[in-house]
Amino acid sequence: MLCLGIETSCDDTGVALVDGRRLLANRAASQADLHAVFGGVVPEIASREHYRLLAPLYQACLTDAGVSPSDVDVVAVARGPGLLGSLLTGVSFAKGLALGTGARLVGVDHLHAHVLAAALETEISYPAVAVLISGGHTNLYIMRSELELELVGRTLDDAAGEAFDKAAKALNLPYPGGAVMDRLAAYGQVDTAMFPRPYLDNQNLDFSFSGLKTAFALHIAAREGLATERLVEATELQSEEGARRVLGESFQEIADICASYGWSIADTLRIKTSRALERMGERPQAIILAGGVASNTTVRRLLKEEANARGLAFIAPSPMLCTDNAAMVAYAGSRLAEAGLCHDLTLEAVPRGRKVPRDYVACA
Ligand code: ATP
Ligand code: FE
């Protein structure tokens, strides 16, 4: 089944083609540079860029895979949650393609697509606990199959990615700061007492990172002159030498802070994941990571150790499939269509904050 995936939920435009687990084409255009000067995504700019980029990326995918529009069986599109204007460009494009070519249409929950990203690369045994850690979400799921997800924990305030990005901003490091802090952490030593591991003193599986953000801000405020005077550019931090030059005398302290802060987030994720595993009625088979923060070195290491200690498989997507991409949408869409779950042209985009309904109709 040839399935086209479209991803426009935030500021990455993506189009991909999959046939089962075979990734035939995967085109992406990041808008990060356009938004970096504003320190965050500007929704209006994002929508206009998606609109400009979708058709050429679609054409490029067809060429890469050597197929024609009528060969595509299913058009899958991330329908939410995300920025409404951005989602609408993708959903409208997908509807036009489905109408014009006769392909089936499937609206995919963007978070479900994230969680299935690793399944595109590996066979996964279920049940499993999936940890979705992205820019907008920190969710724990119990998965009984690729299509059966039960949300058992979520963040009550900031997402893990947001916690990294806001901390990086306080240090005048470039946006999005998660990857930059990860890189700097490699030169630092973890001090496990530097920052709290937030919201563990309870029995639930939820997260709360806003207190950690405050602890970070207070720590930085007490160390006057630590952050650089100006906003550092990502290219300046690509090598250790560059980072030493830009951060000067603060280099080691900032590296230690990044290492310790990353550890606090990672260990918090590990502890709540282990609680979710313990609460499963049946024996789990795997821990699955997903979302942009799943690229984080410390998060990967601690959750892999947790999986190993329990004799479970540790599944994490390649970094390319962690952040927003259309391959995961195409894969999720093909699995839904195979199960007979599709949409018609009344498919609606669902903005961030609203639950994505399971309003599928039987595939035509
Ligand atoms: P959502 O899917 O919840 O709407 P999103 O798609 O915008 O959010 P992703 O693209 O999955 O989020 O992830 C982006 C986040 O991942 C950013 O906050 C970024 O800082 C973070 N991130 C990326 N790489 C790393 C890393 N190596 N370490 C920590 N955080 C990282
Ligand atoms: Fe995402």
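Me: Which residues does His 114 touch, not counting residues up to four places away in sequence?

Reply: Please keep in mind that this is a predicted model. Once the residues up to four places away in sequence are set aside, His 114 touches Leu 132, Ser 134, Ala 290, Gly 291 and Met 328. His 114 itself lies in helix α4, which covers residues 110-116.

Me: Is His 114 buried or exposed?

Reply: The general idea is to count neighbours, and a residue is called buried if 20 or more other C-beta atoms lie within 10 Å of its own. His 114 has 31 C-beta neighbours inside 10 Å, and therefore it counts as buried.

Me: What does UniProt list for "binding site"?

Reply: The UniProt entry, which is unreviewed, lists His 110, His 114 and Asp 324 under that heading. These residues span 215 residues in sequence, yet no two of their C-alpha atoms are more than 8.8 Å apart, so they gather at one spot.

Me: Where is Asp 324 found, and what is it in contact with?

Reply: Asp 324 is found in the loop between α11 (319-322) and α12 (326-338). Leaving aside its neighbours within four places in sequence, Asp 324 is in contact with Glu 7, Ser 9, Cys 10, Asp 12 and Gly 14. Asp 324 also counts as buried, because it has 27 C-beta neighbours inside 10 Å.

Me: How do I read a pair of helices, for instance α2 and α3?

Reply: One begins with the axes and then turns to the residues that meet. The axes of helix α2 (residues 43-65) and helix α3 (residues 84-101) come within 8 Å and cross at roughly 20°, which makes α2 roughly parallel to α3. The crossing is right-handed. Among the residues that meet are His 50, Tyr 51 and Leu 54 in α2, and Thr 89, Gly 90 and Phe 93 in α3. By class, this contact has five nonpolar, six polar and one charged residues.

Me: At what angle do α9 and α10 pack?

Reply: Helix α9 (residues 251-279) and helix α10 (residues 297-310) pack at an angle of about 30°, with their axes 8 Å apart, and that makes α9 roughly parallel to α10. Here, too, the helices pass in a right-handed crossing. The residues that meet include Trp 263 and Leu 269 in α9, and Leu 302 and Leu 303 in α10. By class, the contact of α9 with α10 has seven nonpolar, four polar and four charged residues.

Conventions:
Residues are numbered from 1 along each chain as its sequence is written. Chains are lettered from A and ligands numbered from 1 in the order in which they are written. This is a predicted model: local features need pLDDT of at least 70, side-chain atom pairs count only at pLDDT 80 or more; totals for chains, interfaces and linings use all residues. UniProt positions are given in the numbering used here, feature names are shortened, and annotations may be inferred rather than shown by experiment. Helices (H or I, at least four residues) and strands (E, at least two) are DSSP runs, numbered from the N terminus. A residue is buried if 20 or more other C-beta atoms lie within 10 Å of its own, exposed if 12 or fewer, and partly exposed in between; C-beta atoms are placed from the backbone. Two residues are in contact if their C-beta atoms, placed from the backbone, lie within 7 Å. Axes are lines fitted to C-alpha atoms, for helices over the stretch in contact, and angles run from 0 to 180 degrees between N-to-C directions. Angles under 35 degrees count as roughly parallel, over 145 as roughly antiparallel, 65 to 115 as roughly perpendicular and the rest as oblique. A crossing is left-handed if the near helix is turned anticlockwise from the far one by less than a right angle, and right-handed if clockwise. Ala, Val, Leu, Ile, Met, Phe, Trp, Tyr, Cys and Pro count as nonpolar, Asp, Glu, Lys and Arg as charged, and the others, Gly among them, as polar.
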